[in-house]
Amino acid sequence: LTSRLQCAFAQEKRLAPKSNETVVYIAGAFDLFHPGHIELLKQAKRYGDYLLVGLFSDDSLVRLGRKPISNAHERLLNLLGCSLVDDVLLDAPIDGLDEHAIDLFCIDFILSPPQQHEEAIKLPQDAYAIAKRRGLHQCLSFQSTLSILDIAKRIYIQYDTLVLRYNEKRLKEGAYYAAATEREKKKEDN
């Protein structure tokens, strides 16, 4: 991922919140970005004007026992492409933001999904301790009808069909390009 590509995805994003805006922070893996994530971000955005999303690194997720399917760059591009997200904090700390980061980013609310949600990452117990002490923490009442587990089940159940469809498409594309190349050769020979 180049900085130019990253900037291209973020061109319409504001570089920093205005001084009178409420800054909201939520962190997560955002793996296999899906409508459930969109709903979570919509709920988060309702708390303020500027949504800063913390993105956990691949290594952090592996340490938590949640090896991501999409790598951090792919997950970053999904978040940058989402109009609800104003900025993304890369390699967000899994143990929560410290005082300095909260002050640096002028954060007014630090949100978390409910821990009983099946996709919730089991963070260290004190991940929100500073936010709670400062009165910044809010737990969302996130209710999604779709999860990464649902998507994985669909892929597993439909795997053979998906592979067959992919192979058929690949063969058709190969035949098309071979025919196009043959037509070009004939034109050159004439």
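**Strands, helices and cores in the predicted model**

Among contacts in the protein chain with a separation of 6 or more, 79% link residues 24 or more positions apart. The model discussed here is a predicted one. Its protein chain counts 8 helices and 5 strands. Read from the N terminus, the elements go α-β-α-β-α-α-β-α-β-α-β-α-α. Of the 190 residues in the protein chain, 38% are buried.

What does E1 pair with? One partner is strand E2 (residues 50-55), joined to E1 by 6 bridges in a parallel arrangement. Within this pairing, Tyr 25 is found opposite Leu 52 of E2.

In soluble globular proteins, nonpolar side chains tend to be buried together. The largest nonpolar core in this model has 22 residues, and the members that touch the most others are Tyr 25, Phe 56, Leu 97, Ile 107, Ile 110 and Leu 123. At least two residues of this core come from each of E1, E2 and helix H5 (99-104). E1 gives the largest share, with 3 residues. Another core of 18 residues lies apart from this one, and its members include Phe 30, Val 53, Leu 55 and Leu 79. As for Ile 110, which residues does it contact, leaving aside neighbours within four places in sequence? The list is Tyr 25, Leu 97, Ile 102, Tyr 128, Ala 131, Leu 136, His 137 and Gln 138.

Strand E4 also holds Ser 112. Is Ser 112 buried or exposed? Its relative accessible area is 4%, so Ser 112 counts as buried. The side chain of Ser 112 makes a polar contact of 2.9 Å with the side chain of His 137. Beyond neighbours within four places in sequence, Ser 112 is in contact with Tyr 128, His 137, Gln 138, Cys 139 and Leu 140.

An α-helix has 3.6 residues a turn, so residues three or four places apart point the same way. At the start of H4, a side-chain oxygen of Asn 71 comes to within 2.9 Å of the backbone nitrogen of His 73.

Some loop residues are worth a look too. Ile 69 belongs to the loop between helix H3 (58-63) and H4. With a relative accessibility of 58%, Ile 69 is classed as exposed. Not counting residues up to four places away in sequence, Ile 69 touches Asp 31, Leu 32 and Ile 148. Although Ile 69 and Leu 32 are 37 residues apart along the chain, their C-alpha atoms are separated by 7.0 Å. Leu 32 itself is in the loop between E1 and H2. Its relative accessibility is 22%, so Leu 32 counts as partly exposed. The phi angle of Leu 32 is near 45°, which is a positive value in a residue other than glycine. Asp 91 has a positive phi too, near 55°, and is likewise a residue other than glycine. This residue, Asp 91, is in the loop between strand E3 (87-90) and H5. At 55% relative accessibility, Asp 91 is counted as exposed.

Note on methods. Residues numbered from 1 in each chain as written. Predicted model: local features only at pLDDT ≥ 70, side-chain atom pairs only at ≥ 80, totals over all residues. Heavy atoms only, no water. Pairing = 2+ DSSP bridges. Helix = DSSP H or I, 4+ residues; strand = E, 2+ residues; numbered from the N terminus. Polar contact = N/O pair within 3.5 Å; in protein donor to acceptor, adjacent residues only side chain to side chain. Core = buried A, V, L, I, M, F, W, Y, C linked by side-chain atoms within 4.5 Å. Buried < 20%, exposed > 50% of the residue type's maximum accessible area, 1.4 Å probe, protein only. Contact = heavy atoms within 4.5 Å.
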